[in-house]
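Could you walk me through this protein model, from its strands and helices to the charged contacts between side chains? Let us take it step by step, with the structure open beside the text.

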Amino acid sequence: THCSVMSEPVASMALLLADEFDFRVVWRGGKDYCGFLHSPGWPAVVADPGSAVKEVYDQFHDIWKGDFTDKISHRDTLRTPALFEDAFREALKLEGADFIGADVGLCSEPAIVCALLHEGGKPVVGYFGVHIAFMVRGEQEQLRLYRRFRDELAADARSTFATVAPYLSLQMFHHVPVQVPAVRPLSMYTLPATYTATSPAEVLVSKRPIAFWDLMLVLNGFARLHDTGLSFADASVLSSEGRHKFTDWCAFRAAVYFPYDWLQTMAFYDWVNMGLPTFVADSPTYTMSWGTNAPGEWEAKLWHMPSAIYPHHYSDWGDFAGRAYWWLMTDFKALPGVAGFQSVADLLFELSSQDNLWNISGQLRKAQQQRVASGAIFWRGALLRALGRQP
């Protein structure tokens, strides 16, 4: 359903491997963030206005509030997964030639769809930006998904699976004894946008409105108090101002990313891949996130991973050493060029030098080019395996 996650492997393959493969994509299920991904040169994702597949998803999609009292925190779940599967199979039949003639099935979230595409005889390319059991509640349903992933999906040499980040790969490994590689996003769909700093007095800030403080008030207050000449702009209002293109993001002096319930979102990768100097609030407390690391959400597992390779559980919020362990595994800490800050004063100092920001941008771009080189090899191999032509 997440258009950016769905677009990542398609844009990478289509733009990097155009000389070797001809791509035609039939998009189904696209819902969120579809309106920003229209760069040239690849079969760009489109929102699904109401296909049979989309109708089934909408019918079974449930937003579960649980114990949350605010209007924003929630869980996306599938009501009665078994009935969802039956309805999805019927929807695939209605796709007719589009599904029958497809060489490959692409799946992302919910991952349960990967198994249904595979049932239809298709090699599958799965790219996961969230926990593999996202939207699947209940121990027995989760175990069933894990077994199908281990025994059917991962066992098919034609199929390829990857996660957005090592963090997610280790999470999956805790539940299923299958090592899934992390292939970080390349954000090829942002081309030709790149960092320009043509609005050198503006700093972009991304944060879902779930914090109990007003970030814009705090940051702009400090900036005025110290006469920095900088102003901080809320990313969530840019679209209403007509600034919704990737080139608009690249015009900012820099960007500040505050992690929230879902760690390492695609927007973060888009920023760093375009060379936009990105600063992240550096605190392990951000691993106490109700989306990525919700306590009690995914307790089922098929095996016991040795403590030598899994010393801390991702959802044990009471393990403070574990919070630091998982924080260090995030791409906020692991990616070259991403800058952390400990305080507002620290942030303002780092933002004060444009030469420093250009240096950071160069580090980000160099690292992105290295990921492009390895990513092209990975996605080429995925396509060759799916088509029965071993790389």
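A salt bridge here is a side-chain nitrogen of Lys or Arg within 4 Å of a carboxyl oxygen of Asp or Glu. By that criterion, the structure, which is a predicted model, holds 20 salt bridges.

Start with the open sheet of three strands, whose order is E3-E4-E5 and whose pairing is parallel. Its edges are strand E3 (105–107) and strand E5 (160–163), each of which pairs on one side only. Ignoring direction, neighbouring strands in this sheet are turned by 10° against each other on average. If you look at strand E4 (residues 124–128), you will find it running parallel to E5, with four bridges joining the two. To find your place in that pairing, look for Gly126, which stands opposite Phe161 in E5.

Now move along to strand E6 (residues 199–206), which has two pairings to explore. With strand E8 (residues 252–257), E6 pairs in the parallel sense over five bridges, and here Ser199 stands opposite Phe252 in E8. With strand E7 (residues 231–234), E6 also pairs in the parallel sense, over four bridges. In that pairing, Leu204 stands opposite Ala233 in E7.

Strand E6 also leads us to a charged contact. Arg243 forms a salt bridge with Glu202, and their closest N and O atoms are 3.0 Å apart. Arg243 lies in the loop between E7 and helix H9 (246–250), while Glu202 is in strand E6, so this pair ties together parts that are 41 residues apart in sequence. The side chain of Arg243 also meets that of Glu241 in a salt bridge, at 3.2 Å from N to O. How accessible are these partners? Arg243 counts as partly exposed because its relative accessibility is 22%, and Glu241 is partly exposed as well, with a relative accessible area of 47%.

Another salt bridge worth a visit joins the side chains of Asp98 and Arg24, at 3.5 Å from N to O. Asp98 belongs to helix H4 (residues 97–100) and Arg24 to the loop between helix H1 (3–16) and helix H2 (52–60), so the contact ties together parts 74 residues apart in sequence. Asp98 is partly exposed, with a relative accessible area of 29%, whereas Arg24 counts as exposed at 66% relative accessibility.

Salt bridges can also be followed from one residue to the next: Glu85, Asp86, Arg89, Glu119, Arg144 and Arg148 are linked in a network of them.

Let us turn to the helices. In general, two packed helices are described by the angle between their axes and the distance between the axes. For helix H3 (residues 81–95) and helix H5 (residues 112–119), the axes come within 10 Å and cross at roughly 45°. H3 and H5 are therefore oblique to each other, and their crossing is right-handed.

We finish with helix H14 (residues 354–386), which has 33 residues. From its first C-alpha to its last, H14 reaches 46 Å, close to the 48 Å expected at 1.5 Å a residue. Just after H14, look for Gly388, which takes a positive phi of about 80°.

Note on methods. Residues are numbered from 1 along each chain as its sequence is written. This is a predicted model: local features need pLDDT of at least 70, side-chain atom pairs count only at pLDDT 80 or more; totals for chains, interfaces and linings use all residues. Side-chain values use heavy atoms; hydrogens and water are left out. The expected span of a helix is 1.5 Å times one less than its number of residues. Two strands pair if DSSP finds at least two bridges between them. Buried means under 20% relative accessible area, exposed over 50%, partly exposed in between (1.4 Å probe, protein chains only). Axes are lines fitted to C-alpha atoms, for helices over the stretch in contact, and angles run from 0 to 180 degrees between N-to-C directions. Angles under 35 degrees count as roughly parallel, over 145 as roughly antiparallel, 65 to 115 as roughly perpendicular and the rest as oblique. A crossing is left-handed if the near helix is turned anticlockwise from the far one by less than a right angle, and right-handed if clockwise.
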